[in-house]
Amino acid sequence: MDATSENKEGVTETTATIGIERIMEMIPHRYPFLLIDKVIDVKKNESCVGIKNVTMNEPFFQGHFPRRPVMPGVLIIECMAQSAAVLVVETLGPESEGKLVYFMSVEGARFRRPVTPGDRLELHVSKEHSRRNVWKFRAEGKVDGKVVAEATYAAMIMDD
């Protein structure tokens with residue numbers, strides 16, 4: 001991971017990549033519910049892109065659906081939330097590592113295309129605003145540059 005921050009001119013710099021080992025230090029999720037593989041293009045206090053490599057080995061594909069595997073929309077939203085949680089921790093710093101991030105609301109969720117095994121789901125997350133421990137985000141899920149899902153959601157950051 002290439003850590004960066006705001007420079008002397010006040011310009012936000014980008015963190016190159018946050019890998020799975022660092023993600024596991026930052027957020028409390030674990031298998032089978034740690035859904036994102038890495039986070040790229042992190043702009044502290046602004047935005048990031050979470051990456052989920054969708055494989056046939058995912059446990060939810062056994063029942064959703066056996067003959068036509070489709071990633072459940074609620075899990076796409078969860079991937080968005082996990083990406084946002086990494087952005088929050090990267091923004092707030094090490095003292096926020098391991099804190100829980102609870103959904104408060106999900107609005108305007110739309111699912112445009114199915115996400116299937118073999119897809120690389122990119123979760124483009126942008127912070128709309130934050131006030132104390134409540135943050136609001138807007139996200140789009142994309143596969144091959146095409147929007148597959150979108151939502152606006154709010155979350156509260158709490159101590160474990």
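Helices (H or I, at least four residues) and strands (E, at least two) are DSSP runs, numbered from the N terminus.

Before going on, a word on what you are looking at. This is a predicted model, in which local features need pLDDT of at least 70 and side-chain atom pairs count only at pLDDT 80 or more, while totals for chains, interfaces and linings use all residues. Residues are numbered from 1 along each chain as its sequence is written, and side-chain values use heavy atoms, with hydrogens and water left out.

With a relative accessible area of 13%, E150 is buried, while R138 counts as partly exposed at 28%. Buried means under 20% relative accessible area, exposed over 50%, and partly exposed in between (1.4 Å probe, protein chains only).

The structure holds eight salt bridges. Another one of them joins K142 and E140, whose closest N and O atoms are 3.8 Å apart. Both residues are partly exposed, K142 at 21% relative accessibility and E140 at 25%. Elsewhere, salt bridges that share partners join R22, E25 and E97 into one network.

Now step back to the whole fold. The protein chain has two helices and seven strands, running β-α-β-β-α-β-β-β-β from the N terminus on. Its radius of gyration is 15 Å, close to the 15 Å that the globule rule gives for 160 residues, so the chain is as compact as a globular protein of that length. That radius is taken over C-alpha atoms, and the rule is 2.2 Å times the number of residues to the power 0.38. Along its principal axes, the C-alpha trace spans about 55 × 30 × 25 Å. Of the 160 residues, 42% count as buried. Among contacts (heavy atoms within 4.5 Å) between residues at least 6 apart in sequence, 60% join residues at least 24 apart.

Definitions and conventions:
Salt bridge = Lys/Arg side-chain N within 4 Å of Asp/Glu carboxyl O.
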